[in-house]
Amino acid sequence: MDDLSSLITGFQIALSWQNIGFMAIGVILGIVVGVLPGLGGPNGVAILLPLTFGMDPTSAIILLSSIYWGALFGGAITSILFNIPGEAWSVATTFDGYPMAVQGKAAEALTAAFTASFIGALSGVILITFVAPLVAQFALRFGPAEFFAVFLLTFCSFIGMGRENRAKILASLCIGFLLAAVGLDSISGDLRMTFGSTELMRGFDFLIVVIGLFGVSEILLTVEEGLVFKGKQARIDLMVVLRTWAGLPRYWATLIRSSLVGMWMGVTPGGAIAASFMGYGLAKRFSKRGKNFGKGEIEGVLAPETAAHAAGTSALLPMLALGIPGSATAAVLLGGLLVWGLQPGPMLFVEQKDFVWGLIASMYLGNLAGLIIVLATVPLFAAIMRVPFSFVAPVILIVCAIGAYTISNSIFDIWLMLIFGVVGYVFKKLDYPLAPLVLALVLGDRAEDAFRQALLGSGGSLHVFIANGLVTTLVILAMILLLWGPVSDLIATARGRHAGKAAEAAE
């Protein structure tokens, strides 16, 4: 009851006209941040952070967190309309979102994505509101071995539950792991596979690779097909929204499962990127229309968006309750809290009760405002679809180049973007999946660091990965998911042979 009364007080604080104005401004800025490839939520929040130092801490955190909500929503726009992920966690959204746009269902895809984003974020906020003490205590149990087990679970689910050729999935994963190993070894300090290049010392930035693999490669494919823009005009009106919403209840299991996956990955923290891939993989495996994923299934849009936004929102929980940021954006917000003289952790809920609950209330309102604003402004972005692709392609390429350059202010990154654009083009022509490569590139170095730190702590003994019930459960679950696909295939093959013999015997 105390928490409920505190939440009501928080709504009273968040619903002041001043804070509502900051909320709307933040969401709009966040949408722009999410749409621009390479900028991203953390960078957008970091750029505007100095402007909030003279503001009231509650108003400042509402403005910055609203930028985050807007970026979460905005990343889906270019992913669906142009097959260019505006945010790292929007990669999985392109798999079915862009094919839907090609089929003239861009409005339905965008409505589904924004609604799923709202549901995922709402589930994360509810988690923060009611389960904060329990989850925070649980997160303290995670060490290097547990982190590695979470990453292992993600990789195994992608291999075992994927429906593509598993040899191609493994090949793509291995290339991703190889790319993730380039640069400065964070543990030993050694340089790996830099070949004397100072530019490669920092490794391959994820966003540069993604912009090339998805954005530039799509332009190359379209040029090959004669500059015919495959996207369709998107007009979101009330009837489209209501029709899409009316069909969502049939996917309740996917929405709940993806929300749970996202909350788990956000708190542990596996991250929004891993959550989006895992949510998509699980939806693809358990869906009755799993074979159609990648061809324009609305369920393939709902799953990654729900999981990613649940993870992105839940990542704020350990930051507030423990002072441990669960994401890059949470780390930036943590810095802001410290500048404002606020110390995140359990005492924050006692010493700054109005601030905490005002922030939590603004999460509910900010996500609702974000959903309304993106549904209202998408036609502005969708209007670009009417422009001939011969004019749009150079603009997209320039935006991609600007996004790649601004990451490290390096011309070398633009060349890398173009190189990975060719790589993505070759992958698509040879029918190799890009998702495993991207997943391994993002999580490969983090998984390696966690694995090596666990071994260093145990004196080189692999027993550390079965040392307690939590890590053992995660490893066993990873092995089950890894073998799920092959075993299912063997069972299906055996049943097919048995059915064939029965039919021959009947004849």
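At 44% relative accessibility, Val-422 counts as partly exposed, a class lying between buried (under 20% relative accessible area) and exposed (over 50%), with a 1.4 Å probe and protein chains only. The model is predicted: local features need pLDDT of at least 70 and side-chain atom pairs count only at pLDDT 80 or more, whereas totals for chains, interfaces and linings use all residues. Residues are numbered from 1 along each chain as its sequence is written, and side-chain values use heavy atoms, without hydrogens and water.

Val-422 is placed in helix α19, residues 411-429; helices (H or I, at least four residues) and strands (E, at least two) are DSSP runs numbered from the N terminus. Together with Leu-220, Val-426, Leu-430 and Tyr-432, Val-422 makes a nonpolar surface patch of about 390 Å².

Ser-217 lies in helix α9, which covers residues 206-224. At 0% relative accessibility, Ser-217 counts as buried. Beyond its neighbours within four places in sequence, Ser-217 is in contact with Gly-212, Gly-421, Gly-424, Tyr-425 and Lys-428, contact being heavy atoms within 4.5 Å. Between Ser-217 and Gly-424, 207 residues apart in sequence, the C-alpha to C-alpha separation is 5.3 Å.

Across the protein chain there are 21 helices and two strands. Of its 507 residues, 55% count as buried. Among contacts in the protein chain with a separation of 6 or more, 77% are between residues 24 or more positions apart.

Conventions: Patches are made of residues with over 30% relative accessible area and no salt bridge: like charges are joined within 9 Å, nonpolar side chains (Val, Leu, Ile, Met, Phe, Trp, Tyr) within 5 Å. Accessible areas come from the Shrake-Rupley method with a 1.4 Å probe; for residues, only the protein chains shown count as cover. A salt bridge is a side-chain nitrogen of Lys or Arg within 4 Å of a carboxyl oxygen of Asp or Glu.
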